[in-house]
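Subject: Structure for your files, with notes

Dear colleague,

I am passing on the structure that follows, together with notes on what was found in it. Please read the notes with the model open beside them.

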Amino acid sequence: MKTTEKKDIRALTKDQLREFFVSQGDKAFRGNQVYEWLWSKACYDFEDMTNISKETRAMLEANFVINNIKVDRQQRSNDGTIKNAVKLHDDFVVESVMIPTYNRTTACVSSQVGCSLDCKFCATAKLKRLRNLNPDEIYDQVVAIDKQSRLYNNRPLSNIVYMGMGEPLMNYNNVLKSIEKITSEEGLNMSPKRITVSTSGVPKMIKKLADDEVKFNLAVSLHSARDEVRTQIMPFNAKFDLASLREALEYWYAKTKKRVTYEYIVWKGINDTTEDINALVEFCKAIPCKVNLIEYNPIDDDTFQQANDNAVAQYMNTLEANGITVTLRHSRGKDIDAACGQLANKN
Ligand code: SAH
């Protein structure tokens, strides 16, 4: 007998779900009830939808699947950070991280299996992109980390960063749909101000974000403001160079009036000269911004080494002297390979 593939019920919009129930001779309202189970209640089993009749649950079971994620394995760091191996319905694995600080809990979520880009210093880049995550698969990572935060830190999740595996802007529609659900009253009702999407800098897509008038924050992994250096460490820069990135960021700011955060690692012998610092200062003049100097987390590659403290201090002093806000970020969860750039399914 030929079996037809069941449809992922969370791929349906609320209206489509309502229409489905009408087509089954039921009330459209049933669609609202099921939608609430699927999203705000993050229910993964039709059997648990207790206000839906037994017959209707069986009918849903016959027609649809819920492709929820499973947290396959949790690793806890000494600093409280938890790295999750997240198994998808087709057995691919991505990673997500729960990062607790004294007054908040941040979820770091993945947007792709592997990554489409080729940054030389990033462990995820060693895996090629296998597929994009669906909105519900990103949403589920957030729900799972919210539960962990309530369990281990006695408080709900407060912030979300799209800084796990993948390039969010290369999975644009699904990433935006996931944020729509996370921020919606019918989802998790979180403020978009608490969400940051990080990109390696895809100019066309940054402009699209501005056109779509998104309300979340944008971070750009800059790492160098000199084309000859950036192209070496982030080869796609040959195609999307700094001039086009700068132009896209100017467009972003003109439309959204939101300042951007530049993530920046200082490496020994790569971008630790005065020329590098001056180029960054110049780049920062384009739009209001903040520079986040992040510590390099070694991956199995000797080309890259964290610059010495003097070089980092010189960056900080020069940026500050030019009126640019700069912060220094120490990575969390290093002992379990959960820090920035270390997500690569080692296990
Ligand atoms: N592709 C997006 C989302 C990933 S975010 C982006 O590039 O922004 C992951 C962040 O960690 C990026 O800022 C990236 O530049 C940084 N990163 C990558 N490898 C790292 C490493 N080995 N040590 C520290 N940070 C790293």
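Two strands are taken to pair if DSSP finds at least two bridges between them, and the helices (H or I, at least four residues) and strands (E, at least two) are themselves DSSP runs, numbered from the N terminus. This is a predicted model, in which local features need pLDDT of at least 70 and side-chain atom pairs count only at pLDDT 80 or more, while totals for chains, interfaces and linings use all residues. Residues are numbered from 1 along each chain as its sequence is written, and side-chain values use heavy atoms, with hydrogens and water left out.

I begin with the parallel strands. Strand 9 (residues 159-162) pairs with strand 10 in the parallel sense over three bridges, and tyrosine 162 stands opposite valine 197 of strand 10. Strand 9, helix 5 (residues 172-183) and strand 10 form a right-handed β-α-β unit, where right-handed means that, with the strands pointing away from the viewer, the path from the first strand over the helix to the second runs clockwise. Strand 10 is in turn joined to strand 11 by four bridges, again in the parallel sense, and valine 197 has leucine 218 as its bridge partner in strand 11. Between these two strands the chain crosses through helix 6 (residues 203-211), and this β-α-β crossover is right-handed.

Strand 11 (residues 217-221) and strand 12 pair in parallel over three bridges, with tyrosine 262 of strand 12 as the bridge partner of valine 220. Strand 12 and strand 13 (residues 289-294) run parallel and are joined by five bridges, and tyrosine 264 has leucine 293 of strand 13 as its bridge partner. The chain passes from strand 12 through helix 9 (residues 274-284) to strand 13 in a right-handed β-α-β crossover. Strand 13 also pairs in the parallel sense with strand 14 (residues 325-329), over five bridges, and here valine 291 stands opposite valine 326 of strand 14. The crossover from strand 13 to strand 14 goes through helix 10 (residues 309-321) and is right-handed.

Within strand 10 (residues 195-199), threonine 199 is buried at a relative accessible area of 1%. Its side chain makes a polar contact with the side chain of glutamate 167 at 2.7 Å, a polar contact being a pair of N or O atoms within 3.5 Å, of which, within protein, one must be able to donate a hydrogen and the other to accept it, and residues adjacent in sequence count only if both atoms are side-chain atoms. The side chain of threonine 199 also reaches the backbone nitrogen of glycine 201 at 2.8 Å.

What surrounds the ligand? There are 21 residues around it, the closest being Phe121, Ser198, Ser221, His223 and Asn297, where a residue counts if one of its heavy atoms lies within 4 Å. By class, this shell has nine nonpolar, nine polar and three charged residues (Ala, Val, Leu, Ile, Met, Phe, Trp, Tyr, Cys and Pro count as nonpolar, Asp, Glu, Lys and Arg as charged, and the others, Gly among them, as polar). A backbone N or O atom of phenylalanine 121 lies 3.0 Å from a nitrogen atom of the ligand, and a backbone N or O atom of glycine 166 lies 3.1 Å from a ligand nitrogen. For serine 221, a polar side-chain atom lies 2.6 Å from an oxygen atom of the ligand. The protein covers 96% of the 540 Å² of accessible area that the ligand has on its own, as computed by the Shrake-Rupley method with a 1.4 Å probe.

Methods: Buried means under 20% relative accessible area, exposed over 50%, partly exposed in between (1.4 Å probe, protein chains only).
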